[in-house]
Amino acid sequence: MKNLLTFEEFLNESLNEDSKVDTRIKELAEDPEIQKKMGADADKLKHAFTVLFKRGYGAAKTNWGAVHPSIKKLGQGEAAYNACGHARLNAFIDKREAYKTSDSDVAKWLNGEGEKPKPN
């Protein structure tokens, strides 16, 4: 079995340039349509999207009971945690409910208000 990172190691590790997660975050942050929709440049979006992904990943790892049933089908582990990270990121980009509630600090920062967000 592959060694998995602890949640703390994941949060402290800088994402590898070759990682699929980092590649996707970079692609999303550099997308002109997303930049226009979110009102921020690529560097700011990359930080925000990394924070959001880590929050989703961490939430799934620490509160499995709250994970959506479709993701639970993957089984508890890296794939499901990553899926939750991507789901949270996608929901934010689509400006769903969490954009105004649990991730409002990120939204405000992107709009020039508040402090630079950190993963919870």
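**Figure 1. Elements covering the buried residues of helix α2 in the predicted model.** In this predicted model, the cover over the buried residues of α2 includes α3 (32–38), α4 (42–62) and α6 (78–93). Helix α2 spans residues 20–30, and its buried residues are V21, D22, I25, L28 and A29. Viewed down the axis of α2, these buried residues fall within an arc of 130°, so they line one face of the helix. An α-helix has 3.6 residues a turn, so residues three or four places apart point the same way. The exposed residues K20 and E27 are carried on the face of α2 turned away from its buried side.

**Figure 2. Packing of α2 against α4.** The two helices pack at an angle of about 135°, and their axes are 8 Å apart. This angle makes α2 oblique to α4. The crossing of α2 and α4 is right-handed. From α2, the residues V21, D22, I25, L28, A29 and E30 take part in the contact, where they meet A42, L45, K46, F49, T50 and F53 of α4. V21, D22, I25, L28 and A29 are also the buried residues of α2.

**Figure 3. Packing of α4 against α6.** Helices α4 and α6 have axes 7 Å apart and pack at an angle of about 135°. The pair is therefore oblique. In passing α6, helix α4 makes a right-handed crossing. On the α4 side, the contact is made by F49, L52, F53, R55, G56, Y57, A59, A60 and K61. The α6 side contributes E78, Y81, N82, C84, G85, H86, R88, L89, F92 and I93. Among the α4 residues shown here, F49 and F53 also meet α2.

**Figure 4. Residues D94 and K95 in the loop between α6 and α7.** D94 lies in the loop that joins α6 to α7 (104–110), and K95 lies in the loop between these helices as well. With a relative accessible area of 41%, D94 is partly exposed. K95 also counts as partly exposed, at 35% relative accessibility. Although K95 is not a glycine, its phi is positive, at about 55°. D94 and K37 are 57 residues apart along the chain, and a distance of 9.1 Å separates their C-alpha atoms.

**Figure 5. The protein as a whole and the confidence of the prediction.** The protein contains seven helices and zero strands, and its elements run α-α-α-α-α-α-α from the N terminus on. Of its 120 residues, 38% are buried. Among contacts between residues at least 6 apart in sequence, 61% join residues at least 24 apart. The mean pLDDT of the protein is 86, and 84% of its residues reach 70 or more. Over residues 14–18, however, the pLDDT is below 50. Beyond near neighbours in sequence, the stretch of residues 14–18 has nine contacts in the model. Where pLDDT is low, the predicted coordinates should not be read in detail.

Definitions and conventions
Residues numbered from 1 in each chain as written. Predicted model: local features only at pLDDT ≥ 70, side-chain atom pairs only at ≥ 80, totals over all residues. Heavy atoms only, no water. Buried < 20%, exposed > 50% of the residue type's maximum accessible area, 1.4 Å probe, protein only. Helix = DSSP H or I, 4+ residues; strand = E, 2+ residues; numbered from the N terminus. Arc of directions from axis to C-beta. Contact = heavy atoms within 4.5 Å. pLDDT = per-residue confidence, 0-100. Axes fitted to C-alpha atoms, helices over the stretch in contact; angles between N-to-C directions. Parallel < 35°, antiparallel > 145°, perpendicular 65-115°, else oblique. Left-handed = near helix turned anticlockwise from the far one by under 90°.
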